[in-house]
Amino acid sequence: MLMRVKVLPRSPFTSRIDSYTIFGAFCWGYKLLEGEKALKELLETFKKKPLFLISSPLPEAEEKLYFPMPEVE
(Lines give C-alpha, C1' and ligand atoms only; values in the text may rest on other atoms or scores of the structure.)
Protein backbone atom coordinates (compact mmCIF):
# COMPACT_ATOMS: atom_id res chain seq x y z
CA MET A 1 0.00 0.00 0.00
CA LEU A 2 1.30 3.43 -0.94
CA MET A 3 0.37 6.37 1.25
CA ARG A 4 1.05 10.02 0.61
CA VAL A 5 1.07 12.55 3.44
CA LYS A 6 0.89 16.26 2.66
CA VAL A 7 2.63 18.56 5.15
CA LEU A 8 1.53 22.18 5.33
CA PRO A 9 4.16 24.02 7.42
CA ARG A 10 3.17 27.01 9.51
CA SER A 11 6.58 28.61 9.01
CA PRO A 12 9.52 28.21 6.60
CA PHE A 13 11.92 25.31 7.09
CA THR A 14 15.44 26.37 8.06
CA SER A 15 16.95 23.27 6.45
CA ARG A 16 15.96 20.34 4.29
CA ILE A 17 14.07 17.56 6.07
CA ASP A 18 15.34 14.06 5.32
CA SER A 19 13.63 10.70 5.74
CA TYR A 20 15.78 9.77 8.75
CA THR A 21 14.61 12.93 10.55
CA ILE A 22 10.97 11.93 10.01
CA PHE A 23 11.70 8.35 11.14
CA GLY A 24 13.45 9.70 14.26
CA ALA A 25 10.40 11.83 15.10
CA PHE A 26 8.19 8.77 14.59
CA CYS A 27 10.39 6.76 16.99
CA TRP A 28 10.24 9.47 19.67
CA GLY A 29 6.46 9.60 19.39
CA TYR A 30 6.22 5.81 19.54
CA LYS A 31 8.43 5.73 22.63
CA LEU A 32 6.30 8.37 24.36
CA LEU A 33 3.08 6.47 23.58
CA GLU A 34 4.19 2.85 23.99
CA GLY A 35 7.35 2.97 26.10
CA GLU A 36 11.03 2.26 25.55
CA LYS A 37 10.68 -1.55 25.60
CA ALA A 38 8.05 -1.45 22.83
CA LEU A 39 10.26 0.87 20.75
CA LYS A 40 13.23 -1.49 21.08
CA GLU A 41 11.03 -4.40 19.97
CA LEU A 42 9.79 -2.37 17.00
CA LEU A 43 13.34 -1.48 15.97
CA GLU A 44 14.38 -5.15 16.19
CA THR A 45 11.51 -5.96 13.84
CA PHE A 46 12.79 -3.28 11.42
CA LYS A 47 16.23 -4.94 11.40
CA LYS A 48 14.67 -8.15 10.09
CA LYS A 49 12.06 -6.65 7.76
CA PRO A 50 10.92 -3.00 7.66
CA LEU A 51 7.19 -2.56 8.30
CA PHE A 52 7.14 0.60 6.18
CA LEU A 53 9.47 2.95 4.35
CA ILE A 54 9.68 6.73 4.61
CA SER A 55 11.00 8.88 1.79
CA SER A 56 12.33 12.39 2.05
CA PRO A 57 9.69 15.06 1.32
CA LEU A 58 9.41 16.38 -2.22
CA PRO A 59 8.43 19.96 -3.06
CA GLU A 60 5.00 20.35 -4.65
CA ALA A 61 3.40 23.09 -6.71
CA GLU A 62 0.02 22.93 -8.42
CA GLU A 63 -0.40 19.23 -7.57
CA LYS A 64 2.95 18.34 -9.21
CA LEU A 65 5.85 16.84 -7.25
CA TYR A 66 9.38 18.09 -7.97
CA PHE A 67 12.69 16.45 -7.17
CA PRO A 68 15.16 18.68 -5.33
CA MET A 69 18.00 20.18 -7.33
CA PRO A 70 21.15 18.01 -7.09
CA GLU A 71 23.97 19.41 -5.00
CA VAL A 72 26.86 20.11 -7.38
CA GLU A 73 30.26 21.28 -6.25
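Me: Is Phe46 buried or exposed, and what relative accessibility does Phe46 have?

Reply: This is a predicted model, and the general idea is that a residue counts as buried when its relative accessible area is under 20%. Phe46 has a relative accessibility of 14%, so Phe46 counts as buried.

Me: Which class do Phe23 and Phe52 fall into?

Reply: Partly exposed is the class between the buried limit of under 20% and the exposed limit of over 50%. Phe23 counts as partly exposed because its relative accessibility is 25%, and Phe52, at 31%, also counts as partly exposed.

Me: How many aromatic pairs does a search of the whole structure find?

Reply: The search finds 6 aromatic pairs. One of them joins Phe23 and Phe52, whose ring centres are 6.4 Å apart and whose planes meet at 55 degrees, so this pair is tilted. The pair links distant parts of the chain, since Phe23 sits in helix 1 while Phe52 lies in the loop between helix 2 (36-48) and strand 1 (60-61), 29 residues apart.

Me: What kind of aromatic pair do Phe46 and Phe52 form?

Reply: Planes over 60 degrees apart count as edge-to-face. The planes of Phe46 and Phe52 are 85 degrees apart, with 5.1 Å from centre to centre, and the pair is edge-to-face. Ring pairs link Phe46 and Phe52 with Phe23, Phe26 and Tyr30 into a cluster.

Methods
Residues numbered from 1 in each chain as written. Predicted model: local features only at pLDDT ≥ 70, side-chain atom pairs only at ≥ 80, totals over all residues. Heavy atoms only, no water. Phe/Tyr/Trp six-rings, centres within 6.5 Å; stacked < 30°, edge-to-face > 60°. Helix = DSSP H or I, 4+ residues; strand = E, 2+ residues; numbered from the N terminus. Buried < 20%, exposed > 50% of the residue type's maximum accessible area, 1.4 Å probe, protein only.
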